[in-house]
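These are my notebook entries on one protein model. I looked up a few residues, then the fold as a whole.

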Amino acid sequence: MIREVIVTTVDRSGQAHMAPLGLIEDGEGWIIAPFLPSATHDNLLESSVAVANYTDDARIFAGLITGRRDWPLVPATKISVPRLADALAHAELKVAHFKADAERPRFHCKILHKEQHAPFEGVNRAANAVVECAILLTRLHMLPRDKIDLEIAYLAIAVEKTAGPREKEAWSWLMQKREAYYAGN
Ligand SMILES: Cc1cc2nc3c(=O)[nH]c(=O)nc-3n(C[C@H](O)[C@H](O)[C@H](O)COP(=O)(O)O)c2cc1C
């Protein structure tokens, strides 16, 4: 089981970094598996702690992969890595075991602390479509354009039918990124 979350970490100077990542279930804990090169990887090697932020705000997933990095953060409870202010819930993670790999190292993390901040109010198909599309757009250089266009056309149906303002804004950022990429390639 993989859960898509926003991982926060800090660098040596205490500067926060956010990245959408799929956490892999690992018994009671989670595995963070960033492809190299990765700032999350470098920060985790340095500090061994991270926050998994659980959010239904699709703008944060779309924003982070389109250069919009200014999402409000607040201090976490037990570790000195901030969490997303608007997370529905978060988990504070500590690396228990590291498996080095030249391509995709794995940080096996245990959960130090969990907190709920707001209720989860149900699945929105447009928000899910935004997350799917955000993943697709991180693979533009690896996938044929036909496949990207076909998948986006399908995902757009859920956005047209079920999006609210947040999902519409997130979708527009993703479509701008796609257009900019193909204009230059
Ligand atoms: C929903 C979602 C899930 C992702 N999961 C992963 C992942 O598990 N591993 C990874 O390396 N990149 C993943 N990515 C891409 C990263 O977010 C992106 O490459 C990011 O810049 C990570 O690099 P960083 O640690 O340098 O920020 C995902 C992107 C999205 C939108």
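**Entry 1: Ala 50**

I began with the neighbours of Ala 50. Leaving out residues within four places in sequence, I found Ala 50 in contact (heavy atoms within 4.5 Å) with Val 7, Thr 8, Thr 9, Ile 32, Leu 44, Ile 79, Val 81, Ala 91, Glu 92 and Leu 93. I am working with a predicted model, in which local features need pLDDT of at least 70 and side-chain atom pairs count only at pLDDT 80 or more, while totals for chains, interfaces and linings use all residues. Residues are numbered from 1 along each chain as its sequence is written, and side-chain values use heavy atoms, with hydrogens and water left out.

I placed Ala 50 in strand 4, which covers residues 49–54. Helices (H or I, at least four residues) and strands (E, at least two) are DSSP runs, numbered from the N terminus. Is Ala 50 buried or exposed? I noted that Ala 50 is buried, with a relative accessible area of 1%. Buried means under 20% relative accessible area, exposed means over 50%, and partly exposed lies in between (1.4 Å probe, protein chains only).

**Entry 2: Thr 9**

Thr 9 is on the contact list of Ala 50, and I looked there next. Thr 9 sits in strand 1, residues 2–10. I recorded a relative accessible area of 0% for Thr 9, which is buried.

Which side chain makes a polar contact with the side chain of Thr 9? I found that of Asn 43, at 3.0 Å. A polar contact is a pair of N or O atoms within 3.5 Å; within protein, one must be able to donate a hydrogen and the other to accept it, and residues adjacent in sequence count only if both atoms are side-chain atoms.

Beyond four places in sequence, the contacts of Thr 9 include Gln 15, Ala 16, His 17, Thr 40 and Val 81.

**Entry 3: Thr 40**

I followed the contact from Thr 9 to Thr 40. Thr 40 belongs to helix 1, which runs over residues 39–47. I noted that Thr 40 counts as buried, at 2% relative accessibility. Not counting residues up to four places away in sequence, Thr 40 touches Val 7, Thr 9, His 17, Ala 19, Leu 21 and Ile 32. The C-alpha atoms of Thr 40 and Ala 170 are 23 Å apart, and the two residues are 130 apart in sequence.

**Entry 4: the two ends of helix 1**

I then looked at the loops on either side. Pro 37 lies in the loop between strand 3 (29–32) and helix 1. The peptide bond joining Leu 36 and Pro 37 is cis, with omega at about -5 degrees.

Ser 48 lies in the loop between helix 1 and strand 4. I noted its phi, near 65 degrees, as a positive value in a residue other than glycine. Ser 48 is partly exposed, with a relative accessible area of 22%.

I found Gly 67 in the loop between helix 2 (58–64) and strand 5 (73–74). Gly 67 is exposed, at a relative accessible area of 60%. Gly 67 and Trp 173 are 106 residues apart along the chain, with their C-alpha atoms separated by 9.6 Å.

I placed Arg 178 in helix 5 (residues 165–183). Its side chain and that of Asp 149 are joined by a polar contact of 3.1 Å. Outside four places in sequence, Arg 178 is in contact with Leu 137, Ile 148, Asp 149 and Ile 152.

**Entry 5: the whole protein**

Last, I looked at the protein as a whole. I counted five helices and eight strands, in the order β-β-β-α-β-α-β-β-β-β-α-α-α along the sequence. The C-alpha atoms fill a box of roughly 40 × 40 × 30 Å, taken along the principal axes. Of the 185 residues, 44% count as buried. Among contacts between residues at least 6 apart in sequence, 65% join residues at least 24 apart.
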